[in-house]
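This report describes selected features of one protein chain. The sequence and the model are shown first.

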Amino acid sequence: MNVVVSRSGAALTGAADLTSFDVRVDGADEDAFTAVLQRERVGTFVPGPAFPGGHVHVRVEWLRAAAGAHDLPADWAESFAGMLAYAERKGWTSPDGATVRGHVVTGAGTGER
């Protein structure tokens, strides 16, 4: 599962693949990237030493809503809960479970996997 952020907006790709998760930059600079995350209420960017890099605290509700536009397996909700539980055990979720951390990487990959 990937959140792809471009100058024009944010999209979820690979929603059915719950074995990996990242936030991908597609042609946006750091300012545009941050603006899209805020405008579309995707989450909060925590910069690293260089962009791309760092991570985004992605809103779980945004992920659920964005995934709703995809053709998903019947057990997706259960599998998504399992992914979040794994992330929680690793310390990659907020204490209230409202966000999950995704590393910021280069590359769009806007097609479904």
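The coordinates come from a predicted model.

**Helices α2 and α3**

Two packed helices are described by the angle between their axes and the distance between the axes. Here, helix α2 spans residues 60-67 and helix α3 spans residues 76-90. Their axes come within 12 Å and cross at roughly 155°. Angles over 145 degrees count as roughly antiparallel, so α2 is roughly antiparallel to α3. The crossing of α2 past α3 is right-handed. On the α2 side, the contact is made by Val-60, Leu-63, Arg-64 and Ala-67. On the α3 side, Trp-76, Phe-80 and Leu-84 take part. By class, the residues of this contact divide into six nonpolar, one charged and no polar.

Leu-84, in helix α3, has a relative accessibility of 12% and therefore counts as buried. Apart from residues up to four places away in sequence, Leu-84 touches Val-60 and Arg-64, and also Thr-93 and Val-100.

**The nonpolar core**

In soluble globular proteins, nonpolar side chains tend to be buried together. The largest nonpolar core of this model has 31 residues. Those with the most contacts inside this core are Val-3, Leu-12, Phe-33, Val-58, Trp-62, Leu-63 and Phe-80. Two or more residues come from each of the strands β1 (2-6), β2 (9-13), β3 (22-26), β5 (55-59) and β6, and from each of the helices α1 (30-39), α2 and α3.

Leu-63 and Phe-80 are also named in the contact between α2 and α3. What does Trp-62 touch, not counting residues up to four places away in sequence? The partners of Trp-62 are Val-3, Ala-10, Ala-11, Leu-12, Glu-40, Arg-41 and Val-42.

**Residue pairs separated in sequence**

| Residue pair | Separation in sequence | C-alpha distance |
|---|---|---|
| Ala-98 and Val-60 | 38 residues | 5.6 Å |
| Leu-84 and Thr-99 | 15 residues | 9.4 Å |
| Met-1 and Ala-16 | 15 residues | 6.9 Å |

Ala-98 is located in the loop between α3 and β6 (99-106). Is Ala-98 buried, partly exposed or exposed? Its relative accessibility is 36%, so Ala-98 counts as partly exposed. Setting aside neighbours within four places in sequence, Ala-98 is in contact with Val-58, Arg-59 and Val-60. Of these, Val-58 is listed among the core residues with the most contacts, and Val-60 belongs to the α2 side of the helix contact.

Met-1 is placed in the segment before β1. With a relative accessible area of 0%, Met-1 is buried.

**Backbone features**

Most residues other than glycine have a negative phi, and most peptide bonds are trans. Arg-41 has a phi near 55°, a positive value in a residue other than glycine. Arg-41 sits in the loop between α1 and β4. The relative accessible area of Arg-41 is 54%, so this residue is exposed. Arg-41 is also one of the residues that Trp-62 touches.

Where is the cis peptide bond? The bond joins Phe-51 and Pro-52, with omega about 0°. Pro-52 lies in the loop between β4 (43-46) and β5.

Terms used:
Residues numbered from 1 in each chain as written. Predicted model: local features only at pLDDT ≥ 70, side-chain atom pairs only at ≥ 80, totals over all residues. Heavy atoms only, no water. Axes fitted to C-alpha atoms, helices over the stretch in contact; angles between N-to-C directions. Helix = DSSP H or I, 4+ residues; strand = E, 2+ residues; numbered from the N terminus. Parallel < 35°, antiparallel > 145°, perpendicular 65-115°, else oblique. Left-handed = near helix turned anticlockwise from the far one by under 90°. Contact = heavy atoms within 4.5 Å. Nonpolar A, V, L, I, M, F, W, Y, C, P; charged D, E, K, R; others polar. Buried < 20%, exposed > 50% of the residue type's maximum accessible area, 1.4 Å probe, protein only. Core = buried A, V, L, I, M, F, W, Y, C linked by side-chain atoms within 4.5 Å.
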